Amino acid sequence: MCGIVGYIGPREATPILLNGLQRLEYRGYDSAGIAVVNGALHVRKKKGKVKELARLIAESPVAGQLGIGHTRWATHGAPDDVNAHPHMAGNLQFAMVHNGIIENYAALREKLIRKGYQFTSQTDTEVLVKLIEDVKSTTQLSLDAAVMQALTQVEGTYGIVLISHEDPDLLIAARNGSPLILGIGQGEYFLASDASPLVEYTKQVVYLNDGDVLTVRRSGFEIKSLDNQLLKPEVHELEMELEAIEKSGYDHFMLKEIMEQPESIRNCLRGRIRLEENMIQLGGLSDVMDRLLAAKRIVIAACGTSWHAGLVGEYLLESLAGIPVEVEYASEFRYRNPILSKDDVVMVISQSGETADTLAAVREAKNRGALTLGICNAVGSTIARETDAGVYLHAGPEIGVASTKAFTAQVTVLTMIALRMGQGRTITAAEMTTYLQELADIPEKVSEVLKLNNDIKALAPMYRYASNFLYMGRGYHFPVALEGALKLKEISYIHAEGYPAAEMKHGPIALIDEFMPVVMIANRDAIYDKVVSNVEEIRARKGSIVAITDEGNHDLDRLCEKVFHVPHTVDFLMPLLTVIPLQLLSYHVAVLRGCNVDQPRNLAKSVTVE
């Protein structure tokens, strides 16, 4: 979603702010702006990309050593110059940037209008700025105290940062539901909505919690609660490296991250597969393993690609661990009064660890006494801190909006959890030996699948102008079909749907003609013959078929436009291989269509508001 950067220190703020905003472009946005203090507040903001803002600043430079910046993803009000952040108090005393949604902004706006305040934008952010201004002017409080008091009147989510020309040695920030991180340097401080703008300047960070109000001066910082109680911050060491958020010679982050999957899966497995001891070691779950093994039910809550990983997890946990599993959209889970007990486990999956709906599911589950487990990639994220236990992906930063390596890492973690829970209950020692070796071999097999890249690129022109796609699979590959369809529509804007292949005759077959491409995942498993029958039915209706199947299987060659072969492994690990060609197909089709692969229209990497 929206991105925030801030700086206070001895350097010129503008280059740091622009660099930080460029690092945050992957989050999705439609306008950008900065405010810098230098005797007065100097604001520059512009609809469009950060390069448009940089061009404006080159024409009208701003200097100063205290500043804030923002990339806006429009919620209230159209994406234009006026609605872009920062927003200023009416007397130009201070400026603010804001991530999140103020849910009671309409009532607050009416109240302020009755007091004589005028508004130039349609944003909820300007309402909050004017509210702080009103509190400060009527109470004569300091700016940080006025912020605290104003926030007690606010309903919704926010991550805010303010600066004032009256005090060029002060930066104020507050958080509720929208992440903020303080970077600590030598006599300088940085603020950002995630770690990517900070990593080249410092590794020392503090993650703000909900309800925190931060005041920063060049001499130091302090954090208080909204009721003005001083809090003791915990300083963390960033694990991210600058090289991980660079393209490293690739045209797009998405392609880079697809190609990184052998290493990201290897990192996910490292230290957790104990081949000599024939076991899985998940340190993040060790303290709650007894309760996890005793669970009567596991509920998986997630959104988007993480929800698809959760569906694979349902198959894994039920078949390998023998425990009932339900998979919920986190956005629905939080509102439907779910039935939970202390014997249930709620497992949430989120690459960023900040997904608003998923975080709300965690809090709902904890309120009802269930054990909460988090599977996320971002160390120090809110979900990682608020769940009872969990497992990090260790996939490295994922910059492309369309998730790729995070999906395979999530499935890898779910596989390890299922194997750990099933060992000694539904999995024999001999089976465990086989499964662990197959899992250990997956990174190398993924490398083999990635060698299909040129062949998939050569196929892409055939489908460049397609209007619709169907993706089909059965068993473990139904969620893979859903994920393949999502990837295509996310980045190429081609309408695509995923279905269980057996459901084809219950509706989708009506769509099939010579203009309907169908991607069929057809590995040789217990229901392979039924999938072949589905392929025959599509072929009879002149559908154009692309198949993914095992190495050495040429049964489908006569029926399909193209067949891609992937190495064979045990059935429950095949999704880690069959999803790779679908990622590559969506990428190459999108590139041919001239789409912005890393920053698809209307999408954001981390959805921190509803």
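Buried here means under 20% relative accessible area. Keep in mind that this is a predicted model.

Start with helix α5, residues 143-151. Which of its residues are buried? Leu143, Ala146, Val147, Met148, Ala150 and Leu151. And what covers them? The cover includes helix α4 (124-139). It also includes the strands β6 (94-99), β7 (158-164), β8 (167-176), β12 (212-217) and β13 (220-225).

Now the cores. In soluble globular proteins, nonpolar side chains tend to be buried together. The largest nonpolar core in this model has 99 residues. Six of them touch the most other members: Leu285, Ile298, Leu317, Ile417, Leu419 and Tyr471. Helix α13, residues 405-422, gives the most to this core, with eleven residues.

Take Leu285 on its own. Set aside its neighbours within four places in sequence. Leu285 then contacts Leu292, Leu373, Ala389, Gly390, Val391 and Ile417. There is also a second, separate core, with 31 residues. Ala13, Val36, Tyr207 and Ile399 are among them.

Last, the helix pair. Helix α14 spans residues 429-450, and helix α18 spans 575-592. They pack at an angle of about 30°, with axes 9 Å apart. Angles under 35 degrees count as roughly parallel, so α14 and α18 are roughly parallel to each other. Their crossing is right-handed.

Who meets whom? From α14, we have Ile442, Lys445, Val446, Val449 and Leu450. From α18, they meet Leu576, Leu577, Ile580, Pro581 and Leu584. By class, that contact has nine nonpolar residues, one charged and no polar.

Methods: Residues are numbered from 1 along each chain as its sequence is written. This is a predicted model: local features need pLDDT of at least 70, side-chain atom pairs count only at pLDDT 80 or more; totals for chains, interfaces and linings use all residues. Side-chain values use heavy atoms; hydrogens and water are left out. Axes are lines fitted to C-alpha atoms, for helices over the stretch in contact, and angles run from 0 to 180 degrees between N-to-C directions. Helices (H or I, at least four residues) and strands (E, at least two) are DSSP runs, numbered from the N terminus. Angles under 35 degrees count as roughly parallel, over 145 as roughly antiparallel, 65 to 115 as roughly perpendicular and the rest as oblique. A crossing is left-handed if the near helix is turned anticlockwise from the far one by less than a right angle, and right-handed if clockwise. Contact means heavy atoms within 4.5 Å. Ala, Val, Leu, Ile, Met, Phe, Trp, Tyr, Cys and Pro count as nonpolar, Asp, Glu, Lys and Arg as charged, and the others, Gly among them, as polar. A nonpolar core is a set of buried Ala, Val, Leu, Ile, Met, Phe, Trp, Tyr and Cys residues joined through side-chain atoms within 4.5 Å. Buried means under 20% relative accessible area, exposed over 50%, partly exposed in between (1.4 Å probe, protein chains only).
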